[in-house]
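Q: I would like to learn how to read strands, helices and their packing in a model. Could we go through one together?
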Amino acid sequence: MINRRNFIKATGVAAAAGAAMPLLQGCGPKSSPYLEGAEVGVKESYKCQLLVVGGGPAGVCAAVAAARRGVKTMIVDSGNCLGGMGTKGLVGPFMTCYDAKGENQIIKGLFDEVVRRLIAVGGALDPKDIRQPSEFTAWIKEGHDHVTPFDPELLKIVYEKMCKEAGVKILYHASFVRPIMKGDSIKGAVLLTPSGLEAAEAEMVIDATGDGTVAYRAGAPCVFGDPENNRVQPASLFFRINNVDTDRLIADVVPHLPEFRRVNGVSYRCLHWRVAEAEAAGEWDLARKSVNIWRSVEKDQWVINCTRIHGVDSTDAENLTAAEEEGRRQVQELMHFFHKYVPGCEKATLMGTGSTMGIRESRHVHGDFILPVDDLIAGVIPEDNILLSANSIDVHGAMGGPAGGLYMPIEKDMYGVPYRCLLPKNVKGLLLAGRCISADSAAAGAIRVMPPAMAIGQAAGTAAALAINGGTSPQSLDYQDLRGALIADGAYLG
């Protein structure tokens, strides 16, 4: 296992808490073209107190948390369902919600409610019963105890039902174009819908876009990827297969468990012996040496996280288009691999690929505090803590090679995330939720996964509701009020 000092050195991340990161060209414009343009009339049905842009896990939890506190809330998404990476992206399972020892569940609140609702309809397995290593963790040991397998189709329904019950207005097929600004305060957004350009009016806005699109276009400073090495973590196109003879697949893997290893950042884990056979036959050109394959809720269904596309800029349409095409090419190669080389998968069927690329990294917005990876590794719990997590530091591609990466479990039982990371600089009335919050590249590699993202979303929505109901700003909100509200709503803060 790599120690903390070597990890920090290898990733090139500054250890100083909240150290400033250099801005890359094109991030955090002093004057934004997105603030200009003809006026667009506000649609009456789009008037709300809180506008949540982005319907992924963080956005859903933000919207539900705010609406349950009596705030008139609207959530918009460019797709046709809620859930983001967990539904459209087919990313699964939910990573751990337990402490580093695997003894206590520490991410609760709305995340736990989502899981309980899924279990009730047969759409998830209880994380308390999922231990590492097993077929549900892709036989990975470190950092994968108590993951949660789930069904993405049922997750769509659970998210929608929770929003509807809370009174959240949902608007699909609505792409964010630009913010509506009054000075340095955000007051809504211009959206592109099938009806054309339409405006939504709000007292406050939450950026849950993943890419930090709202904050960026409103003029908040940010960086793209890791400015220390000028790269982003590679993207992956997830896919799901069924009609697998799971017993035969497991029987092929288990005898090889003692051979699992990492060499120079490259993982030789599940099915690496089959990958070696395909490589020798000239039938493998993926930037992996093994296959992350996770058993899902139904016995014959598995989630595959193996495609890898480097240098993906999810804020550039042409770049992202090329990545989506390459992802589907790699999926076809993998299906050939499963059919020819993997016992139990000879008749496996491709259930579907993600309708969007799985993006690990893009913009990191600068807030009142930039969360450094050193705080996570050391288990720092800040005074303005909004959640507890133990998800490991996971930086794909950190060592520069096509297959290499750095993975490091934290040194303590858990760490916290400060509320200050949700407050972007230079823009009033805006909160951040999800992977775009103010954190350095390596720290974001831990908190970008869905359970902490959902906890961040709950905190953002709760803070927005308290600020709106109290007639104050997110920056002026009394943290003790936020802490009390989160605990009252089931969050665990220690």
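Predicted model: local features only at pLDDT ≥ 70, side-chain atom pairs only at ≥ 80, totals over all residues.
Q: How many bridges join strand β2 to strand β8, and do they run parallel or antiparallel?

A: Strands of a sheet pair through backbone hydrogen bonds, either parallel or antiparallel. Here β2 (residues 50-53) and β8 (residues 204-207) run parallel and are joined by 4 bridges. For a place to look, find L51, whose bridge partner in β8 is V205.

Q: What is the order of the strands in the open sheet?

A: Reading across, the order is β4-β3-β2-β8-β21, an open sheet of 5 strands with parallel pairing. The edges are held by β4 (169-171) and β21 (430-432); each has a single partner strand, so one side of each is left without a neighbour in the sheet. From one strand to the next, the twist averages 20°.

Q: At what angle do α2 and α11 pack, and how far apart are their axes?

A: Two packed helices are described by the angle between their axes and the distance between the axes. For α2 (residues 57-67) and α11, the angle is about 35° and the axes are 7 Å apart. Their crossing is right-handed. On the α2 side, the contact is made by P57, A58, C61, A62, A65 and A66. The residues that α11 brings to this contact include M450, A453, G457, G461 and A465.

Q: Which strands does β7 pair with, and in which direction do they run?

A: With β1 (residues 42-47), β7 runs parallel, and 2 bridges join the two. V42 stands opposite A199 in that pairing. With β6 (residues 185-193), β7 runs antiparallel, and 6 bridges join them. There, A189 stands opposite A200. β6 and β7 form a hairpin, with 2 residues between them.

Q: Which residues of helix α12 are buried, and where do they fall around its axis?

A: Start with the helical repeat. An α-helix has 3.6 residues a turn, so residues three or four places apart point the same way. In α12 (residues 479-488), the buried residues are Y479, L482, A485 and L486. Seen down the axis of α12, they fall within an arc of 125°, so they line one face of the helix. These buried residues pack against β17 and α11 (450-470). Q480 and A488, on the other side of α12, are exposed.

Q: What caps the N-terminal end of α12, and what follows the helix?

A: The cap is D478, which has a side-chain oxygen 2.9 Å from the backbone nitrogen of Q480. After α12 comes G490, with a positive phi near 95°.

Q: Is S392 buried or exposed, and where is it found?

A: For a loop residue, check both accessibility and contacts. S392 sits in the loop between β17 (385-389) and β18 (393-396). With a relative accessible area of 7%, S392 is buried, because buried means under 20%. Leaving aside neighbours within four places in sequence, S392 is in contact with G143, Y407, M408, P409, G445 and A446.

Methods: Residues numbered from 1 in each chain as written. Heavy atoms only, no water. Pairing = 2+ DSSP bridges. Buried < 20%, exposed > 50% of the residue type's maximum accessible area, 1.4 Å probe, protein only. Contact = heavy atoms within 4.5 Å. Arc of directions from axis to C-beta. Polar contact = N/O pair within 3.5 Å; in protein donor to acceptor, adjacent residues only side chain to side chain. Axes fitted to C-alpha atoms, helices over the stretch in contact; angles between N-to-C directions. Left-handed = near helix turned anticlockwise from the far one by under 90°.
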